[in-house]
Amino acid sequence: MVTSGPGATNLVTGIATANYDSVPLVCFTGQVPTYLLGNDAFQEVDIVGITRNICKYAVTVRNRQDLGKIIKKAFYIARTGKPGVVVVDLPKDIQCAYGDDKYPDKIDIRSYKPNNAVHEGQIKKAIGALKQAKRPLFLIGGGVNIARANKEMQQLADLTGIPVVTTIMGKGAIPTSHPLYIGNVGIHASYAANAAINQCDVLFSIGTRFNDRITGKIDEFAKNATLVHVDIDPASISRNIAVDIPIVADAKKAIEVLLKMVTHLNCEDWIEQISSWKKLYPLALKSKGLTPQIIINKINQFFSNSIVVTDVGQNQLWTTQFLELDENKQMITSGGLGTMGYGFPSALGAKLGNPQKDVIVISGDGGIQMNIQELSTAVVYELPVIICIFNNGYLGNVRQWQEMFFQKRYSSTCLRYRKSCETNCHNPNEDCPEYCPDFVKLALSYGAAGIRVTHADEIEAALKFAKKNASAPTIIEFIINREENVLPIIPPGSPLNEMIMEY
Amino acid sequence: MKKRWLCLFVENEIGVLARISGLFAGKSYNLNSLTVGTTEDETVSRMTISLLSDDQTFEQIKKQLNRSVEVIKVIDYTDIPIHKKEIMFLKVANCSEHEKTELFRFSQVFETRILDFNNTTVLLESIQTESKNNELIMKLDENFSNRIEIIRGGSVAVEAV
């Protein structure tokens, strides 16, 4: 809920972020009174017009008597079908007008009928394809997590014995320790997961859009496989990748129907093959010292009932590689839009909704500063979130690309830069200017706790302290290797089998 | 690339036209013409859209339109018998007497109407298919180039009975 004008425009990035990741969200924006609409009044902005292409539905309330119906409609549209964002614009005179509080129990919108059925014929076809398969593979996207079908998905994997890869939005669809779980696919995937995509003969995908970060070069993606695609959104099917067996359905409902019909498949050789790939190229950072991998592993050990929220960039990619998830752990991240600044504020929402869980933010030193003002929100609402800042003094992901694909011409990515620095600095060293801000002092100035960790043996004590600090947020700043890279990586435009394993 | 026709039934609400045209703009779909008007049910508007696209993009356009909350129904007119007409005005200026007579004859043969004229200018109305109207313009252009003001209204279409 925000005020008109600048309040409304400040929502735009959040709306686009939520819309991309199918997060149900209803936004109420203030607006100038109806009699001033279109007059260029003070703090007037056409927020319905601005958000039209980035939300599911946007409406200005023009009559007080429609208010109840519109709010009902807003929540219904946001939650059903493929979830999304609804913007309800409330002019000042409508806000202040007296009227009834009628709120309809049910709503029927003739132009909006989300699909609730599962086409059994298509499911049978898909199962027919699976029965022929020697090297079947499940590719699971965020749709399974949104439909809260994790338990069903695990049953499906157990029952069929088919190995599972996920997108980063689908991570956690089955526990990461599950013997059939291989890892993430895509440009920073595990080698085994991408190899499995390349070699599979039936790719059974549920709730994914085949985004370019997943597919790599599109012509080479799973090109020997029969493709089954379950998605709630018909427009996601056969958009990027031509699908052989499309199934338009909610992930949970489709999996429930599948569970009644599937049988166990013998693909031991295939599983054997995949585990040999896993052994050949395990996911691991080569560097020593205080590495992101060591920190995330400690977080894995330390918090058993938790929500980990990432920001965007290297911190996010390392987390998707090394974080372990099970039914008591959840990961939240901005996948589609990749919005820096997302992690910390959404962790506050996660904590408000799940006060009994430990909520941990994993952020970079760049992203955390994009919404650092929310520290006061966290202090005011006494939200003890644990903010882990991986500080490498760079906008690390962009720096990595500058290093790997732009001949190390570092530009606008160093956060220890000063105007007086040498223009063509390619090598950070001890003499670099001091980092600003001092995150420990910053935390203290807000009334939060702040700890700086420079050695791996200090991690545990810091996490222990943060967990005990139950009334205010704790910032833990981890000083990591300045030029740590996320590996493996697939260069832009390359197919999934052209991974750079070491650099 | 192929010429396609779509008919859309949408909620007659503020902003729906912007939503539909914005979808085409936002996704870089190529839109040729769009006409909109209310139907016998005044809460419903009907749009006729013509566009150029390949098969795959066209499928995607239909799906995108269908999933829009305000769209009640999408009908693909591409391969079904339809009647379609486009309204067009042609104002031809700086005509001699002889040329005016020419235009009156032209109008008779090519089934346009003379709506208005004065000493030097003739206003023609043509309600024909888009391609016929294109031909008319080409014909007139032979003798009256740079003197024609063209106002085209976009097509409407309806299924054959």
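**Exercise 1. State which domains chain A has, and describe the contact of domain 2 with domain 3.**

Step 1. The domain assignment, which is automatic or taken from a database, divides chain A into domain 1 (6-96), domain 2 (120-280) and domain 3 (292-479). The model is predicted: local features need pLDDT of at least 70, side-chain atom pairs count only at pLDDT 80 or more, and totals for chains, interfaces and linings use all residues. Residues are numbered from 1 along each chain as its sequence is written, while chains are lettered from A and ligands numbered from 1 in the order in which they are written.

Step 2. Between the C-alpha centres of domain 2 and domain 3 of chain A there are 31 Å. Their contact (C-beta atoms, placed from the backbone, within 7 Å) takes 11 residues from domain 2 of chain A and 11 residues from domain 3 of chain A.

Step 3. Sort the side of domain 2 of chain A by class (Ala, Val, Leu, Ile, Met, Phe, Trp, Tyr, Cys and Pro are nonpolar; Asp, Glu, Lys and Arg are charged; the others, Gly among them, are polar). This side has three nonpolar, seven polar and one charged residues.

**Exercise 2. Describe how helix 9 and helix 12 of chain A pack.**

Step 1. Helices (H or I, at least four residues) and strands (E, at least two) are DSSP runs, numbered from the N terminus. Helix 9 of chain A covers residues 191-199 and helix 12 of chain A residues 268-280.

Step 2. The two helices pack at an angle of about 145°, with axes 8 Å apart. Axes are lines fitted to C-alpha atoms, for helices over the stretch in contact, and angles run from 0 to 180 degrees between N-to-C directions.

Step 3. Tyr191(A), Ala192(A), Ala195(A) and Ala196(A) of helix 9 meet Ile274(A), Trp277(A) and Lys278(A) of helix 12. By class, this contact has six nonpolar, no polar and one charged residues.

**Exercise 3. Determine the strand order of the three-stranded sheet in chain A, and name its edge strands.**

Step 1. The sheet is open, its order is 1-3-2, and its pairing is parallel. Two strands pair if DSSP finds at least two bridges between them.

Step 2. Strand 1 (25-31) and strand 2 (57-60) of chain A are the edges, each pairing on one side only.

Step 3. Strand 2 and strand 3 (residues 85-91) of chain A are joined by four bridges; Tyr57(A) has Val86(A) in strand 3 as its bridge partner.

Technical notes:
Contact = placed C-beta atoms within 7 Å.
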